[in-house]
Amino acid sequence: MPFSALRSATRLFVPLIALACAILPGMADGASPAEIPAAVQTELDRVHIPANAVAIWVQGVDAKQPTLSINAHQPMNPASVMKIVTTFAALEHYGPAHIWSTRFAAASPIQNGVLNGDLYLIGDGDPVLSHER
């Protein structure tokens, strides 16, 4: 993810997470609304994210039931959000100019341009492993 894209994603997710953290604790009275809180929905609308594209589960550590459960049983891929966390950590640790490396290794020699054996990819933390690199 380019650093500019990370900055854009941060502008979206940090306010949304902060807003959810500010609003959702006030719902701890046990109510289980069927709708996304209005302020969270407003932010989703602002960035053109449909309500069916998010899942929300809020539950106290000691609670038996969630305070809020929206699309909780819909399969969702959290990887996009988690990439922001790992990208921040990598940028802070290595800086934006770091280049990741991925090596290839083989258990057998190449003969006449053909590898007759196993090929191993040795990743060195490359978060993208894109064809271009």
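Which element of the protein has the lowest mean pLDDT, and which the highest? Helix α1 (residues 3-23) has the lowest, at 53, and strand β5 (residues 114-115) has the highest, at 92. Here pLDDT is the predictor's confidence in each residue, on a scale from 0 to 100. Over residues 26-33 the pLDDT is below 50, and beyond near neighbours in sequence this stretch has nine contacts in the model, a contact being heavy atoms within 4.5 Å. Across the protein the average pLDDT is 74, and 65% of the residues score at least 70.

A word on how to read what follows. This is a predicted model, in which local features need pLDDT of at least 70 and side-chain atom pairs count only at pLDDT 80 or more, while totals for chains, interfaces and linings use all residues. Residues are numbered from 1 along each chain as its sequence is written, and side-chain values use heavy atoms, with hydrogens and water left out.

Let us start with the overall layout. The protein has three helices and six strands, and along the sequence they follow the pattern α-α-β-β-α-β-β-β-β. These elements are DSSP runs numbered from the N terminus: helices are H or I with at least four residues, and strands are E with at least two. Of the 133 residues, 17% count as buried. Buried means under 20% relative accessible area, exposed means over 50%, and partly exposed lies in between (1.4 Å probe, protein chains only). Among contacts between residues at least 6 apart in sequence, 37% join residues at least 24 apart.

Now step inside. The largest nonpolar core has seven residues: I36, V40, L44, V54, I56, L68 and I70. Helix α2 and strand β2 each supply at least two residues of this core. Such a core is a set of buried Ala, Val, Leu, Ile, Met, Phe, Trp, Tyr and Cys residues joined through side-chain atoms within 4.5 Å. In soluble globular proteins, nonpolar side chains tend to be buried together.

The side chains of E43 and R46 meet in a salt bridge, at 2.9 Å from N to O. The term stands for a side-chain nitrogen of Lys or Arg within 4 Å of a carboxyl oxygen of Asp or Glu, and a search of the whole structure finds one. Because E43 and R46 are three residues apart in helix α2, about one helical turn separates them. E43 counts as buried, at 18% relative accessibility, whereas R46 is partly exposed, at 49%.

Most residues other than glycine have a negative phi. H48, in the loop between α2 (38-46) and β1 (56-58), has a positive phi of about 60° although it is not a glycine. H48 is exposed, with 71% relative accessibility. N71, in the loop between β2 (68-70) and α3 (79-94), has a positive phi as well, near 55°. N71 is partly exposed, with a relative accessible area of 26%.

Finally, turn to a strand pair. Strand β3 (residues 102-106) and β6 run antiparallel and are joined by five bridges; strands pair if DSSP finds at least two bridges between them. Within this pair, A105 stands opposite Y120 in β6. Strand β6 (residues 119-123) lies largely in the open, because zero of its five residues are buried.
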